[in-house]
Amino acid sequence: MIAGIIANPASGKDIRRLVAHATVFDNQEKANLIRRILLGLQAAGVQTVWFMPDYFGFYERALDAFSGENQLSMEIKLLPMQCKANQEDSQLAAAKMVELGVRCLVTLGGDGTNRVVSKGAGVVPIMPVSTGTNNVFSVMVEGTIAGLAAGLVATGAVEEEYSLIRTKKLIIYINGKAVDIALIDAVVLAEQFIGCRAIWDMGKIRQIVATCGEPFHIGIAAIVGALHPIDMRESKGINLIIESGGQRQYPAQSSSIQVNAAVGPGLIRSVPVRSYELMSLGQKVVVRHVPCVIAVDGEREIIVGPEDCVEIELVQTGPLVVDVKSTLKRAAEKGLFINR
Amino acid sequence: MALNKVQMLELYRKMRTIREFEETVAKFFSQGQIPGFVHLYTGEEAVATGVCANLEKQDYIASTHRGHGHGIARGASLNKMMAEIFGRIDGECKGKGGSMHIADVELGFLGANGIVGAGLPLATGAGFAAKYMKTNGVAICFFGDAASNRGTFHESLNMASIQKLPVVFVNENNMYGISMSQERHQNISDIADRAGSYGMPGMVVDGNDVMAVYEAAEEAVKSARAGGGPVLIECKTYRHHGHFEGDACIYRCDEEVNAWKAKDPLPRFANRLQEMKMATEAEIDQIDAEVKKVIADAVEFAQNSPVPTLDELTKDVYCD
Amino acid sequence: MVEMTYSQAINEALEEEMRRDEKVYILGEDVGLFGGCFGVTTGLFEKFGGERVIDSPISETAIMGSAVGAAVAGLRPVPEIMFVDFLGVCLDELVNQAAKMHFMFGGKAKVPLTLRTACGAGVGAAAQHSQSLEAWICHVPGLKVVMPSTAADAKGLLKSAIRDDNPVVFIEHKALYGAMGEVPEGEYTIPLGKADIKREGKDVTILAYSMMLHKALAAAETLALQGIEAEVIDPRTLVPFDKETLYKSIEKTGRLVIVHEAVKQGGFGGEIAAMVAEECFDFLDAPIKRVAAPFAPIPFAANLEAAYIPDEAKIIAAVKSFF
């Protein structure tokens, strides 16, 4: 009956606040959200919650709120680890929590945060609560409800077939070596630097490889959704080749499809897709545009040199994700909310 | 806009120049050749460099007590800056300002400042002037994490916001206000969170990555110049030296210092340039050698410059 | 000559200078739409618009600090701090920034701003809205300090202050705003640092400024009836201070009474007395007398406030102690 909370204090604050009218998610608000999640977890019967340490101190602030008469009946504990204030923290914390017997990981962050957590989570399911900017993987959900659903998963009260979704992922190989993964999309950019990480200039995109994409998604997945929607559960992916930003100068190549999509909060752009192909599980596609920078789940992350050979593979082994609606419905069906 | 090789190498050269300048000042300070207080910018070079690379002639910057880097990034004369720090007549301020008051108003460099947080309203005023005179200029305000607790911060952001001034507030969060760590001096971790209170966008960037700072500042400056109002950029960074030269730094541990030194913006950018085949090791080494020479020349210039004559004591109190 | 109030004279000076130079702008609390807390800027918002007569939030630090930044960047701001008592919340901007920049930057920066503010007791505004704090700022090299007593002086001095390339603190007396006075017609300025002999006399010199000038003149009239001819000097500008006019007068009269509304201890009168003692002791036939407020905050109760402010009787008593 153990759950874990991994909250990213850095989410919801990048340059998209300026270039894309994105939501500001300050840490005080995340602390409130965490308190609501804890109350949900407790109500669902979770007995222990582990916290990842972070530079803002979500654990200490959660404790602060539940002192004296408001004390939680469950135990909340801080993971003994050194906080480096970078991505590695989340991966390491997830792995440690798995070792400690955590049965559900509640994450606060964006798709990027979950990508990193999933590297350490193994087969432990994730309840991804969105505090990021444009998210496909993590969901906008009220914390209390997320806490309840995660708690029902952690305690095993709701069966896996009702509560969990098995997702896909992409593995990025450089010169044959797996270097990183993406849960939703890997975007090849005609860039040289990671810089501010986010993507807002569509003119730099050369290729998009995605595990899913729906027209109601926000971000790069919206391009996929507008062109050929793919559900998170479907056993396929997609590979899109994008015209270079200078395409307009060459009308001869105007055979491309102009796709209008909400590529970011407040950013509806027309993206020229030259061609696309569906991918089956296990299929690898080659990145032809090198040198480049690859953004994974919306963050520029991987720098590819001019002589590197890059491949991207679609696989089934993405993280298990809590389906909030289905979990709670099943719990109701089972009468778990009724006292007799 | 993507930068070309020449521009990238220029960014590196600027950062290297600041580093070399600061380490040289440290050396002469420890030898007792430089009087007073000096606060060094070593470790934070990417911030000033990345921001100032976006500026034009009509723009202004307001600086802090840790201001050498800002002046160099804005293009102030190394000779005059060094002479100023040595307290010589050929200094930027005739030796009457010193390290904490280096300025070059003609360059739009409104000066280092001995008062924490004092630059905020000054930049707000310079931004006002740019808007009032329709110069299409912007004003940049560099300020530290501890300055964000001062009233000047709150009043300036509020005023800049209601007047929609072209000001970019660049917070250099080096995690300490003198000896007091950020977690002890404020109950938030991201100063960018405060932007929303003043109705302006705020963002956090990696202040040790010159390209991240460059990109963020590029968008912020573009927006401010176009009349979009002020923006707050928080750059997470770290000072390698103490608050001032001679600071024993009992308030921070080696582990922390070393972790940040591992993120040193200079080797990080140099390595990146090499990986991207934008520069060879030899080219980097050549820049380093050229910079060494330029700074050595600046020291020579400073040392050869006379101290101010005593009649300077009461000169320049008022202008005629 | 035209009859107008002290307040109207200041308003005219502002309007004329704003017409003369586009770089002049006004910034302060309630100076625009509202016309100023004392009505001094009435009508300017309508004439020049909100871009040049700018209503500021209650943020003295930002008013003063942004004015310094704008001045260095080439404008001629005329910020208003509603009460001189509020200098405490923007003192750094005045003292460490505005005052020192020209010197600190080796003569390369100019800070041409005129800070207008109101001082003085007599309106029941109590301890935080009635002080006379000129001594604070007279102590800071780099600032000029002007304290006009009449409408004509206020207008001519304010015009000079705005044209001056240095930071000038222009302290108006709130109880004088409604005082009528003769003001020359048309364009004129009065140089900073030039005292004015408001009444000639041979027996005693009374140096008084701002509101106290009027009390001193009234006292001089009474003294004249008793055969004592007092010379009343209004320095008008405290920094720079016109020593020459004062010394010449003392040479003639041999006696000096200094009158100010500020607290005596640490007041600017002490500085004047010391200057005179050091530089023209030989002219003195008697010890210097100071008439000033007691060392206490300004009280609210009307009878206490009246007793607090130096008056004609106290000036007369000081003068009479010589004879």
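Predicted model: local features only at pLDDT ≥ 70, side-chain atom pairs only at ≥ 80, totals over all residues.
Residues are numbered from 1 along each chain as its sequence is written, and chains are lettered from A and ligands numbered from 1 in the order in which they are written.

Two pairs of chains are in contact, and of these chains B and C share the most contacts; two residues are in contact if their C-beta atoms, placed from the backbone, lie within 7 Å. Chain A and chain C are not joined by any contact, and their closest C-alpha atoms are 25 Å apart.

The contact between chains A and B involves 22 residues of chain A and 24 residues of chain B. On the side of chain B that touches chain A, at least two residues each come from strand S6 (202-206), helix H8 (210-225) and helix H10 (265-275) of chain B. Helices (H or I, at least four residues) and strands (E, at least two) are DSSP runs, numbered from the N terminus. H8(B) gives the largest share of this side, seven residues. By class, the side of chain B that touches chain A comprises 13 nonpolar, four polar and seven charged residues. Ala, Val, Leu, Ile, Met, Phe, Trp, Tyr, Cys and Pro count as nonpolar, Asp, Glu, Lys and Arg as charged, and the others, Gly among them, as polar.

Chain C contains twelve helices and 14 strands. Its radius of gyration is 19 Å, close to the 20 Å given by the globule rule for 323 residues, so chain C is as compact as a globular protein of that length; the radius is taken over C-alpha atoms, and the rule is 2.2 Å times the number of residues to the power 0.38. Along the principal axes, the C-alpha atoms of chain C fill a box of roughly 60 × 45 × 40 Å. Of the 323 residues in chain C, 58% are buried, that is, have 20 or more other C-beta atoms, placed from the backbone, within 10 Å of their own. Among contacts in chain C with a separation of 6 or more, 78% join residues 24 or more positions apart.

Chain C is assigned domain 1 (2-183) and domain 2 (196-320), with bounds from an automatic or database domain assignment. The domain centres, taken over C-alpha atoms, are separated by 26 Å. Their contact takes 24 residues from domain 1 of chain C and 26 residues from domain 2 of chain C.

Key: Buried ≥ 20, exposed ≤ 12 C-beta atoms within 10 Å, placed from the backbone.
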